[in-house]
Amino acid sequence: MSCILNIDTSTDVCSVAVSENGACIFSKEDHSGPNHAVNLGVFVDEAMSFTDNHAIPFDAVAVSAGPGSYTGLRIGVSMAKGICYARDLKLISVPTLETMCVPLLLGEKIEEDDALLCPMIDARRMEVYAQVFDRSLKVVRDIQADIVDADTYRSLLDEHVVYFFGNGAEKCRNAINHANARFISGIEPLAKNMFPLAEKRFLNDKFEDVAYFVPFYLKDFVAKTPKKLL
């Protein structure tokens, strides 16, 4: 198995966690706002001191790959790359929207076998950045910039129960009034939820090029999105 340092700075939350053989042995989070430049270095230093004191060597660094905050992702990826260079570690990228699905799948909140999961990251007005997965985390619909109204997800909702969650879902409650729509509050991308995804990528030797890896910036996605969606 492995020991992985996990970093998520894709939203206003700054979080760092360490997994050993898939279990959490260290976790720090700050939910007070976008304070990544101040807190990330402190959290990482504490995590590395913890593992060093327990003689647990890191095998890799996993970082949230976006979509998310441009500044937040830059800070997180820069930190992850610096650690990889300094300690000669592998770099793993974990998609942010996929990470958001983990607490739902590990808990008992999803009852329907054919239910779909739709994590959402807030954008301007009634716009969100969303992706749709099934319960095995197979992509049903790739990431899109959605302007949300009653018809945006109707084709999916007519066939499945769809769970909407993330900081973009709250503003959609009144707009999405389909009987198959379910909303779950309090779901954020956190480093401690990256463990199973990072571990799977580690075991499958799915690593990034430390020199050339860049995250999925929302600004780049907007530039490539057809104007009719913006």
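This is a predicted model: local features need pLDDT of at least 70, side-chain atom pairs count only at pLDDT 80 or more; totals for chains, interfaces and linings use all residues.
View 1. Look for leucine 137 in the loop between β7 and β8 (139-147). Its phi is positive, about 65 degrees, although leucine 137 is not a glycine. For context, most residues other than glycine have a negative phi.

**View 2. Aspartate 205, a positive phi in an exposed residue.** Here phi is near 55 degrees, again a positive value in a residue other than glycine. Aspartate 205 belongs to the loop between α5 and α6 (218-224). With a relative accessible area of 59%, aspartate 205 counts as exposed.

View 3. Going from glycine 66 to proline 67, the peptide bond is cis, and omega sits near 5 degrees. Proline 67 lies in the loop between β4 (60-64) and α2 (70-87). As a reminder, most peptide bonds are trans.

**View 4. Helix α3 packed against helix α5.** Two packed helices are described by the angle between their axes and the distance between the axes. For α3 (residues 96-106) and α5 (residues 195-203), that works out to an angle of about 120 degrees, with the axes 9 Å apart. So α3 is oblique to α5. On the α3 side, the contact is made by Glu98, Thr99 and Val102, and they meet Pro196, Leu197 and Arg201 in α5. Sort the residues of this contact by type and you get 3 nonpolar, 1 polar and 2 charged.

View 5. How many of the 11 residues of α3 are buried? The count is 8, so α3 is largely enclosed by the rest of the structure. The buried set is Thr96, Leu97, Glu98, Thr99, Met100, Cys101, Val102 and Leu104. Glu98, Thr99 and Val102 also turn up in the contact with α5.

**View 6. Glutamine 131 and the residues around it.** Glutamine 131 is part of strand β7 (residues 127-133). Buried or exposed? Glutamine 131 is buried, with a relative accessible area of 7%. Its side chain makes a polar contact with the side chain of aspartate 142, at 3.2 Å. Leaving aside neighbours within four places in sequence, glutamine 131 is in contact with Leu97, Leu117, Cys118, Pro119, Val139, Arg141, Asp142 and Ile143. One of these, Leu97, is a buried residue of α3.

**View 7. A salt bridge between buried partners.** Aspartate 146 and arginine 141 join their side chains in a salt bridge, 2.9 Å from N to O. Both residues are buried.

View 8. Which side chain does glutamate 29 meet in a salt bridge? The partner is lysine 192, at 3.5 Å, N to O. The two are 163 residues apart, with glutamate 29 in strand β3 (residues 23-30) and lysine 192 in the loop between β10 (181-184) and α5. Glutamate 29 is partly exposed at 28% relative accessible area, and lysine 192 is partly exposed too, at 38%.

**View 9. Aspartate 151 and arginine 154.** This pair forms a salt bridge whose closest N and O atoms are 2.8 Å apart. Arginine 154 counts as partly exposed, at 32% relative accessibility. Overall, the count for the model comes to 9 salt bridges.

Technical notes:
Residues are numbered from 1 along each chain as its sequence is written. Side-chain values use heavy atoms; hydrogens and water are left out. Axes are lines fitted to C-alpha atoms, for helices over the stretch in contact, and angles run from 0 to 180 degrees between N-to-C directions. Helices (H or I, at least four residues) and strands (E, at least two) are DSSP runs, numbered from the N terminus. Angles under 35 degrees count as roughly parallel, over 145 as roughly antiparallel, 65 to 115 as roughly perpendicular and the rest as oblique. Contact means heavy atoms within 4.5 Å. Ala, Val, Leu, Ile, Met, Phe, Trp, Tyr, Cys and Pro count as nonpolar, Asp, Glu, Lys and Arg as charged, and the others, Gly among them, as polar. Buried means under 20% relative accessible area, exposed over 50%, partly exposed in between (1.4 Å probe, protein chains only). A polar contact is a pair of N or O atoms within 3.5 Å; within protein, one must be able to donate a hydrogen and the other to accept it, and residues adjacent in sequence count only if both atoms are side-chain atoms. A salt bridge is a side-chain nitrogen of Lys or Arg within 4 Å of a carboxyl oxygen of Asp or Glu.
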